[in-house]
Amino acid sequence: MAAAGWPGCARSLRGVVLDMCGVLYDSGEGDGVAIPGSVEAVKKLKESDLQLRFCTNETQATREKFVAKLQRLGFDISVSEVFSPAPAAVSVLKERALRPHLLVYDGVIPEFDSVDKTNPNCVVIGDAAENFSYQNLNEAFRVLVGLEKPVLFSLGQGRYYKETDGLKLDVGVYMKALEYACDLKAEVIGKPSPTFFQSALNDMGLQPHEALMIGDDLVNDVGGAQHCGMKGVQVRTGKYRPSDERHPTVTADGTVDNLAQAVDMILSQRR
């Protein structure tokens with residue numbers, strides 16, 4: 001690359017991948033709220049010579065409903081630009097002829113309509129929110145522990161995320177509970193899986209070193225992208241915590257106040 005560090009690396013970029021919740025908007029009551037400057041930042045990227053994709057671990061709605069919400073917030077986004085875990089999980093289930101027991105949010109269940117769910121031989125968990133009751137977790141546990149070769153898929157492994165009323169526990173917490181109870185290791189579909197990032201790169205026809213990830217989650221967004229060979233920049237919005245800048249194992253290539261600042265820095269380097 002012409003310049004390895006941030007923001008100099010922007011000169012040789014051909015694509016940008018954005019996280020959504022915590023970068024574009026904060027989820028919450030209704031459609032949530034757009035983070036100041038993020039709508040215009042997406043517009044600037046789309047008007048540039050860079051390709052743009054969105055990678056999210058959102059699993060509380062189908063992609064269609066999720067994108068429609070963001071469009072109502074003012075974002076220029078289409079379903080084909082968004083990579084989320086549920087459709088990727090459906091592909092894996094079909095490839096491996098697996099029948100899932102679902103512990104997911106009600107709004108994402110339609111994504112699995114094309115999959116046989118009778119006599120389950122695996123479990124899929126996502127951000128089920130209120131559906132993460134003792135009864136529902138215990139039911140998933142019983143399915144897994146009753147299988148000769150238990151398989152657990154987790155749609156992401158985040159610890160928490162931010163809504164307008166504060167931080168909320170994410171799917172990774174419950175994934176770990178089932179891993180411990182069943183003495184197994186979950187297969188993560190979504191960030192930080194390198195395969196998930198690679199799917200977005202393949203769609204753009206780019207190599208990892210040609211793309212940059214911008215996210216609010218240091219480990220799953222930034223660290224996941226870096227593990228794939230991409231650059232990773234963290235925004236100080238969403239779930240960002242000041243301690244992220246002193247993390248013992250993951251160091252962002254850059255840290256910026258918000259998406260608007262990141263985009264302005266990228267585009268200024270390309271002039």
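**Figure 1. Two aromatic pairs occur in this predicted model**. Rings of Phe, Tyr and Trp (its six-membered ring) pair if their centres lie within 6.5 Å; planes under 30 degrees apart count as stacked, over 60 as edge-to-face and the rest as tilted. Tyrosine 25 and phenylalanine 66 have ring centres 6.2 Å apart and planes at 55°, so this pair is tilted. Tyrosine 25 belongs to strand β2 (residues 25-26) and phenylalanine 66 to helix α2 (residues 63-72), so the pair links parts of the chain 41 residues apart. Helices (H or I, at least four residues) and strands (E, at least two) are DSSP runs, numbered from the N terminus. Both tyrosine 25 and phenylalanine 66 are buried, which means under 20% relative accessible area, with exposed over 50% and partly exposed in between (1.4 Å probe, protein chains only).

Residues are numbered from 1 along each chain as its sequence is written, and side-chain values use heavy atoms, with hydrogens and water left out. As the model is predicted, local features need pLDDT of at least 70 and side-chain atom pairs count only at pLDDT 80 or more, while totals for chains, interfaces and linings use all residues.

**Figure 2. Phenylalanine 132 and tyrosine 174 form a stacked pair**. The centres are 3.7 Å apart, with 15° between the planes. Phenylalanine 132 sits in the loop between β7 (122-125) and α4 (134-145). Tyrosine 174 is in helix α5 (residues 171-182), 42 residues apart from its partner. Phenylalanine 132 is buried, at 11% relative accessible area. Tyrosine 174 also counts as buried, at 17%.

**Figure 3. Lysine 239 lies over the face of tyrosine 160**. The distance from the ring centre is 5.4 Å. A charge sits over a ring if NZ of Lys or CZ of Arg is within 6 Å of the ring centre and within 35 degrees of the ring normal.

**Figure 4. The largest nonpolar core has 34 residues**. Such a core is a set of buried Ala, Val, Leu, Ile, Met, Phe, Trp, Tyr and Cys residues joined through side-chain atoms within 4.5 Å. Leu18, Leu24 and Ile214 have the most contacts inside the core. Helix α8 (259-269) gives the most to this core, with five residues. Leaving aside neighbours within four places in sequence, leucine 18 is in contact (heavy atoms within 4.5 Å) with residues including Leu24, Val42, Phe54 and Ile214. A second, separate core has 17 residues, among them Ile125, Val143, Leu178 and Leu184.

**Figure 5. Glutamine 234 is buried in strand β13**. Its relative accessible area is 1%. The side chains of glutamine 234 and aspartate 244 are joined by a polar contact of 2.8 Å. A polar contact is a pair of N or O atoms within 3.5 Å; within protein, one must be able to donate a hydrogen and the other to accept it, and residues adjacent in sequence count only if both atoms are side-chain atoms.

**Figure 6. Four strands form an open sheet**. The order is β6-β7-β8-β11, with parallel pairing. Two strands pair if DSSP finds at least two bridges between them. Strands β6 (100-103) and β11 (187-188) stand at the edges with a single partner each, so one side of each has no neighbour in the sheet. Strands β7 and β8 (residues 152-154) pair over three bridges. Valine 123 stands opposite leucine 152 in β8.
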